[in-house]
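Trainee: I would like to learn how to read a structure like this one. Please take me through it one feature at a time.

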Amino acid sequence: MSQQQDILRDAMRRLNLTRDAFSGRLGVRRRALDTWLLPADSSESRAMPEMVGKFVAEILQREALGAAVGTGAPDDRPLAQRIGAEGKPQLLSVAQFDRGSLEDLFQVADIMQPIARRQKVTRILEGAVLGSLFFEASTRTRVSFGAAFCRLGGTVCDTTGFTFSSMAKGESIYDTSRVMSGYVDALVVRHPEQGSVAEFARATNIPVINAGDGPGEHPSQAILDLYTIQREFSRMGKLVDGTHVAMVGDLKYGRTVHSLIRLLALYRGLKFTLIAPPSLEMPAYLLELVARNGHVIEQTTSLQEGLRGADVVYATRIQKERFAGEEIEGYTPEFQVCKALVDAVCKPDTILMHPLPRDGRPGANDLSVDLNHDPRLAIFRQTDNGIPVRMALFAVLMGVEKQVARSMRDAGWRSPAHIGPDDADFDGLD
Ligand code: NCD
């Protein structure tokens, strides 16, 4: 890890300290810490004194020793082995993570930020080919996985939909997976059936990432969601422990919330309010899992009640394509998260998230566009975070995460400081 920002951010995550608490621990002013955390190219940024860097390293070392005494030797195996599925470098479910391995992955994602922000380039995966198999609609997951692989120096071959793949001719998952493995070095797969991506993974030894298996899981989305929450909270001086998360919408079929609630359950003392139209409630096995970890869960059909006091509002789209002939009521207008409601019941520092796409069709009542200029709306910071997180996943599963920092060079082209015209001032500045 090279940059002072990465070192400081990582230390706060590992020590579970807010910026206020961390600056207190270091014996420096909060303002000083803020300037050290700014990107190096910001005019406000300041170099952290060498002594502070040494002190941070010492605190972390002491902490690691303490953990080793409590729980046995620290796990220093490569991250791919620690999170691997049945001994293979594959990502099928968020259940493969614990808090330590998640934080290690976030540290790799932080290292990727200058590449994601187009300041640096790397060729660390030069020569590697990604096979991207999407048997369901996708824009951001498919493109961001592809872009992440390309930004690491690899190339992408893809096929989309059943129509243009041999699965339309009755080919099995096993055959498809084994054939593809002879052509490419990693696979990203989305498929409408729960458990199908695990079947792809069993038929090969190359890295496989689950990009959504029907109503099952969407692990990379949940990881980037949590990474987003951590970064937003870091700016606000909040911790994930003890936070209040409201999840709204199709909690029955929405795989993003299934994965996210499991990841959040790794933290301590959370409160969840689950707000769903009747019959689209979160599956019982997930509620039990979260409750077993000591979190508070409240279920309600009142959006107004459910959002009150929430630190994070996570809205989702009604997954109509998964309704098996059921007559299910979607979002009626009283389920719409809109500016008037957010202003009435949310806090000034609530963050508003959505995995996207937002259903913008008349009557869909999905997350309202009238929030687009509200700085609490984090949806595009969330999608932007898809790149460093997916780069980190590839680097880890392909075993190059330790070499990335050294492999970086300056980008040879210029790109705008803010990618979107409506991006808030703090975008890219934390
Ligand atoms: C989600 C998905 O496909 O599960 N989209 C995404 O990957 N960001 C959510 C959805 O389709 O509603």
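Mentor: We start with the domains. The protein is divided into domain 1 (1-74) and domain 2 (221-380), with bounds that come from an automatic or database domain assignment. Residues are numbered from 1 along each chain as its sequence is written. This is a predicted model, in which local features need pLDDT of at least 70, side-chain atom pairs count only at pLDDT 80 or more, and totals for chains, interfaces and linings use all residues.

Trainee: How far apart do the C-alpha centres of domain 1 and domain 2 lie?

Mentor: They lie 31 Å apart. The contact (heavy atoms within 4.5 Å) takes eight residues from domain 1 and ten residues from domain 2.

Trainee: How is the size of an interface given?

Mentor: Often as the accessible area lost when the parts come together. Here the area buried between domain 1 and domain 2 is about 740 Å², taken with a 1.4 Å probe and summed over both parts. Carbon and sulfur atoms give 42% of that area.

Trainee: What polar side-chain atom lies 2.8 Å from an oxygen atom of the ligand?

Mentor: One that belongs to Arg-317. A polar contact is a pair of N or O atoms within 3.5 Å. The side chain of Arg-190 has an N or O atom 3.0 Å from a ligand oxygen, and a polar backbone atom of Pro-355 is 3.0 Å from a ligand nitrogen. The protein covers 94% of the 310 Å² of accessible area that the ligand has on its own, by the Shrake-Rupley method with a 1.4 Å probe.

Trainee: What should I check in the backbone?

Mentor: Most residues other than glycine have a negative phi, and most peptide bonds are trans. In this model, Arg-118 has a positive phi of about 65° although it is not a glycine. A cis peptide bond, with omega about 5°, joins Leu-356 and Pro-357.

Trainee: Where is Pro-357 found?

Mentor: Pro-357 is in the loop between strand 10 (351-353) and helix 15 (379-397); helices (H or I, at least four residues) and strands (E, at least two) are DSSP runs, numbered from the N terminus.

Methods. Heavy atoms only, no water. Polar contact = N/O pair within 3.5 Å; in protein donor to acceptor, adjacent residues only side chain to side chain. Buried area = accessible area lost by both parts, 1.4 Å probe.
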